[in-house]
Amino acid sequence: MAQLTCRDLKLGYEGRVVAEGLTFSICKGDYLCILGENGSGKSTLAKTILQLNKPLAGSITFAEGLKRNKIGYLPQQTPVQRDFPASVQEIILSGCLNRGGLFPFYSRADQQKVHKIMKQLDIAHLADRCYRELSGGQQQRVLLARALTATQELLLLDEPAAGLDEAGTKELYEIIDKINKEAHITIIMISHDHEAALSYASHILHLGKEHSFFGTTEEYKGGAEK
Amino acid sequence: MSEALQQIGHLLSFPFAMRALIVGILIALCASLLGVTLVLKRMSFIGDGLSHVAFGALAIAMVMQLTNELLLVLPVTILVAILLLRNGRNAKIKGDATLALLAVGSLALGYLIINLFGSGGNVAGDVCTTLFGSTSILTLENTDVWICGIMAALVLLIYVLFYRQIFAVTFDEDFAAATGINTRAYNLLIATVTAIVIVIAMNLVGSLLISALVIFPALAAMRVFKNFKAVILCSAVVGVAAAFLGILLSFMPSPTGKAVPMGATIVAVNLGVFVIFALIGLLKKFTNK
C-alpha cells in the first residue's frame, strides 16, 4: 500500500519548468533518496510534496491515515534561525502544535512525548540550552526531534548533512537509519551525497535534465554499471 | 532629588498627566511585545514604514476634516501592513524596496497635502507634532485612554492565546506550514496587530521615532536572554519601564528651562537601557568562556 504516490508531476516556479514526468510512489518504511544536480528541482519537489508549492501538472495522492500536512519536515537552515533566541525544548515543543486544540499551553502529554524523543535522539541534556549556541550536528538533531514530534509517519529531510563535518554527517545518517529501521518511519531525503544514498536508501529518485530515474537502490546500482 | 519627586507627585495629581502615563505604558507594552516578532522576522523597519504611511493617511484625514482621524488612518495602515507582510518571510526581498518606496512616498504626499490644503496656520508645528510625537498626549481625553486600553488588552490577549503559534511562525514558517499550521492566517494576524500598534503609538512618540519603541526593548532583551519566553517577557518589562521613566523625566524641569519632548525622552531612555543590556550580554559572554 503506497503512502504517497506522485503521477506525472510537472514542477516549476514562476513559469519555469524544472522537472517533469515524475512518477513514483513510496510505501511505509521506505527510505527514498532524491538525488540530482543543483537546479534539477529537488527542493521544489520537496516543497511540492509538503504542499507548500502547487505542481504545474500531475497529482500527488496520500494514503489514508497520512493526513494532508502531516509530514515531518527537516528544512535547510534559514538565516533567521542562526541567531534566534530559543531553547531546545521550545523548538521541539513547537512540533506538537499541529495537533491543534485551542488551549494556549502545551499539555503534559506533549511535554512527555518531547522528553521521550529527546532521549531517543540523545539530546535530553540539551533541553534548556540555547539553540544558536549548539554545534551544527546538535542543531540538526534538534530539528529532527521537532519533525519526529510532529509526525511518526513520514519524514522529509532537505540536505540534512549540509554544513556538517564528516563525523557529524555519519552520526546523523546513523540516527536517520535507526529511525527508519526501528520505528518504521518513512524517510524521504534530499541529498547530493551519492555514496551515503546508496548505502542507506532503499529507493532512489534521480532527477535529471533529460529523464529521471526511479527504482530500488539495487536497480539504480545495476543501471549505473551498464 | 526629593524636590523633583515632589514635583512629579504634584504633576501626577493632575488627571492629564496620569492619563498620559497610563496610555504611554500601554502603548509601550504592545510595541515591545510585537517588537520581538518583528525583529526576529527581520522586519524591524516595518514599523517605520507603516508609520509613514499612517502619516500620509493622517494628512488626508486632517484635510478632509474628519472628526475621528482613526477611521481613515487605521484601515489604510492595516491594509498596507497586510500587503507587506502577506507572504511572510518570502516577501522580504522585494518587500524591502516596496516598503522604502511606500514610506517616503506617503511622507512626501502627506506633507504636500498638509501644506496645500491644510486649514491650520501652523503647518510646521502640525508636521513636527506628527513626526516627533505630540504634546497632545497631554491633552488626551478619557476616550483615548479607553481606546488604548482596549487595544493593549487585545494585543496582550492575542499574545497569550497564540503565543505558541507566533513562535512557530516566527522561527520556521516552512516547517509550520508543512505540518499543518495556517501560517497565512497568523501572518495576517501579525500584520493587523502591527498596524494597530503603530497607529496608536504614533500619538506617543510620532512616526519618526516609532521604530525605537518597537525594536529597542526586543533587541535589549535578546542581548541577555536566550529563550523565547524570557525574551518576550523581558522585552515587555523593558518597554514599560523605559516608557514610565521617559514620561516622568519629560515632566521634570529641564536644565535649560525649555520644554522636554516626551517621545524623544522615551526613546533616549530606551537607548540607554539597550546599551546597558548590551554590556551585560558582553559580560556574560566573557564570564562563560
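In the predicted model, helix H3(B) passes helix H4(B) in a right-handed crossing. The axes of H3(B), residues 46-63, and H4(B), residues 70-85, come within 9 Å and cross at roughly 145°. On the H3(B) side, the contact is formed by B:Ile46, B:Leu50, B:Val53, B:Ala54, B:Ala57, B:Leu58, B:Ile60 and B:Ala61. These residues meet B:Leu72, B:Val73, B:Val76, B:Thr77, B:Val80, B:Ala81 and B:Leu84 of H4(B). By class, the contact between the two helices consists of 14 nonpolar residues and one polar residue, with no charged residue.

The largest nonpolar core contains 152 residues, of which A:Ile34, A:Leu156, B:Cys30, B:Ala54 and B:Ala201 touch the most other members. Helix H2 of chain B (residues 15-40) gives the most to this core, contributing 14 residues. In chain A, both domain 1 (1-71 + 158-226) and domain 2 (77-150) give residues to the core, which therefore lies between them. Leaving aside neighbours within four places in sequence, the contacts of A:Leu156 are A:Ala46, A:Ile49, A:Leu50, A:Ile71, A:Tyr73 and A:Ile188.

The contact between the chains draws 22 residues from chain A and 24 residues from chain B. On the side of chain B that touches chain A, two or more residues are given by each of helices H7 (142-161), H8 (163-171), H9 (173-178) and H12 (228-251). The largest share of that side, six residues, comes from H8(B). In composition, the side of chain B that touches chain A comprises 15 nonpolar, four polar and five charged residues.

How values were computed. Residues are numbered from 1 along each chain as its sequence is written. Chains are lettered from A and ligands numbered from 1 in the order in which they are written. This is a predicted model: local features need pLDDT of at least 70, side-chain atom pairs count only at pLDDT 80 or more; totals for chains, interfaces and linings use all residues. Two residues are in contact if their C-beta atoms, placed from the backbone, lie within 7 Å. Helices (H or I, at least four residues) and strands (E, at least two) are DSSP runs, numbered from the N terminus. Ala, Val, Leu, Ile, Met, Phe, Trp, Tyr, Cys and Pro count as nonpolar, Asp, Glu, Lys and Arg as charged, and the others, Gly among them, as polar. A nonpolar core is a set of buried Ala, Val, Leu, Ile, Met, Phe, Trp, Tyr and Cys residues joined through C-beta atoms within 7 Å. A residue is buried if 20 or more other C-beta atoms lie within 10 Å of its own, exposed if 12 or fewer, and partly exposed in between; C-beta atoms are placed from the backbone. Domain bounds come from an automatic or database domain assignment. Axes are lines fitted to C-alpha atoms, for helices over the stretch in contact, and angles run from 0 to 180 degrees between N-to-C directions. A crossing is left-handed if the near helix is turned anticlockwise from the far one by less than a right angle, and right-handed if clockwise.
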